[in-house]
Amino acid sequence: MAVDTSRIIGPIILLGAPGAGKGTQAKLIAGHYQIPQVSTGDLLRDNVTRGTELGKTASSIMARGELVPDDLVYGIVSERLRETDCDRGYILDGFPRTPSQAGWLDALLEDKFFDKPKDEKWHPLVIRIDVDYNELLLRLTGRRICLANGHIYNIHLKPPCKDAICDKDGSQLVIRDDDREEVIRERLLAYESQTRPVAEYYAGRGRLVSVDGELPVEQVSDWVFREIERHNPHAPGQK
Ligand code: AMP
């Protein structure tokens, strides 16, 4: 299907636990609608790599897995959203992480000094990808990565033919450090405590939709696209 590159899509916020398939869906939406994925984690890591003042402050906080102070994050988000590739919309990934960040984003999108359109379409559509806790554990604890080329398996859901050996290149399959069960439980708990209030913030404003993340990837993305279309119907005469 041809993409109409003049069409406004607006901001899309994806919420989903680690392992829910948020990254996969974000890439599919970005590719389909030709809008950028704006990840605060990536923007912060880029500052750390470039050794900026902000990066120097953020790096030890990030290493402890804590949240970087709001004023630093707000600076990089507002700067990024002003770039012209965000003019038709964007997918926010990793932001907002708290209700106060969500409130700040609403204020930014309403702000007369923020040089972007301010009609209804610029109220974020918030899509939460729901996956049951036990399924998340299966997805994350079963994940194995090939050492040579990063091919991904899952010993429960998509096992290799030979134990711990990559089918494609014969190299060894290993567990990523942050996929160890005790770390996974921590990550899932942190997600739950951080994200539930954000989801409640948007649910209270009638902007939260949930999709069933346990369906096959294409069915999840069909559902996600339907929600985007419902939020943002084609104007008459548009393709
Ligand atoms: P992520 O790649 O989204 O897991 O983010 C990596 C790290 O960057 C997090 O553990 C936080 O330290 C920091 N970070 C990312 N997004 C935010 C945010 N919205 N607010 C505060 N800190 C953030």
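Okay, let's start in a loop: alanine 164 sits between β6, residues 152-154, and β7, residues 173-174. Before I go on, keep in mind that everything I'm showing today comes from a predicted model.

So, what is the phi of alanine 164? The value is near 60°, which is positive, and this is a residue other than glycine. As background, most residues other than glycine have a negative phi. How accessible is alanine 164? Its relative accessibility is 37%, so alanine 164 counts as partly exposed.

Glutamine 34 gives us another positive phi in a residue other than glycine, this one near 55°. You'll find glutamine 34 in the loop that runs between α1, residues 22-33, and β2, residues 37-39. With a relative accessible area of 47%, glutamine 34 is partly exposed too.

While we're on the backbone, have a look at the peptide bond joining phenylalanine 95 and proline 96. That bond is cis, with omega at about -5°. Again as background, most peptide bonds are trans. Proline 96 is in the loop between β3, residues 89-93, and α5.

Okay, on to the helices. In general, you describe two packed helices by the angle between their axes and the distance between the axes.

Take α2, residues 40-50, and α3, residues 53-63. Their axes come within 8 Å and cross at roughly 115°. The crossing is left-handed. Which residues meet there? From α2 we have Gly41, Leu44, Arg45, Asn47 and Val48, and they meet Leu54, Gly55, Ala58, Ser59 and Met62 of α3. Sorted by class, that contact has five nonpolar residues, four polar and one charged.

Now the other pair, α4, which is residues 70-81, and α5, which is residues 99-110. Here the axes come within 12 Å, and the crossing angle is roughly 35°. This crossing is right-handed. On the α4 side the contact is made by Asp70, Tyr74, Val77, Ser78 and Leu81, and on the α5 side by Ser100, Gln101, Trp104, Leu105 and Leu108. The classes here come out as six nonpolar, three polar and one charged.

Let me stay with one of those residues, leucine 81, which is in helix α4. Is leucine 81 buried or exposed? Buried, because its relative accessibility is 0%, and the cut-off for buried is under 20%. And how far is leucine 81 from tryptophan 104? They are 23 residues apart in sequence, and 13 Å apart in space, going C-alpha to C-alpha.

Last stop, the second largest pocket. There's about 320 Å³ of space in it. The lining is made of 19 residues, and the closest to the centre of the pocket are Arg128, Asp130, Tyr191, Glu192 and Arg196.

Which elements supply at least two residues each to that lining? They are β4, residues 125-130, then α6, residues 133-141, and α7, residues 181-204. Of the elements, α7 gives the most, with nine residues. And if you sort the lining of this second largest pocket by class, you get twelve nonpolar residues, one polar and six charged.

Definitions and conventions: Residues are numbered from 1 along each chain as its sequence is written. This is a predicted model: local features need pLDDT of at least 70, side-chain atom pairs count only at pLDDT 80 or more; totals for chains, interfaces and linings use all residues. Side-chain values use heavy atoms; hydrogens and water are left out. Axes are lines fitted to C-alpha atoms, for helices over the stretch in contact, and angles run from 0 to 180 degrees between N-to-C directions. Helices (H or I, at least four residues) and strands (E, at least two) are DSSP runs, numbered from the N terminus. A crossing is left-handed if the near helix is turned anticlockwise from the far one by less than a right angle, and right-handed if clockwise. Contact means heavy atoms within 4.5 Å. Ala, Val, Leu, Ile, Met, Phe, Trp, Tyr, Cys and Pro count as nonpolar, Asp, Glu, Lys and Arg as charged, and the others, Gly among them, as polar. On a 1 Å grid over the protein atoms alone, a cavity is a set of points where a 1.4 Å probe fits but cannot get out, and a pocket is an open set with protein on both sides within 12 Å along at least five of seven lines; lining residues have an atom within 4 Å of a point. Grid points are joined across faces, edges and corners, and a volume is the space filled by probe spheres set on the points. Buried means under 20% relative accessible area, exposed over 50%, partly exposed in between (1.4 Å probe, protein chains only).
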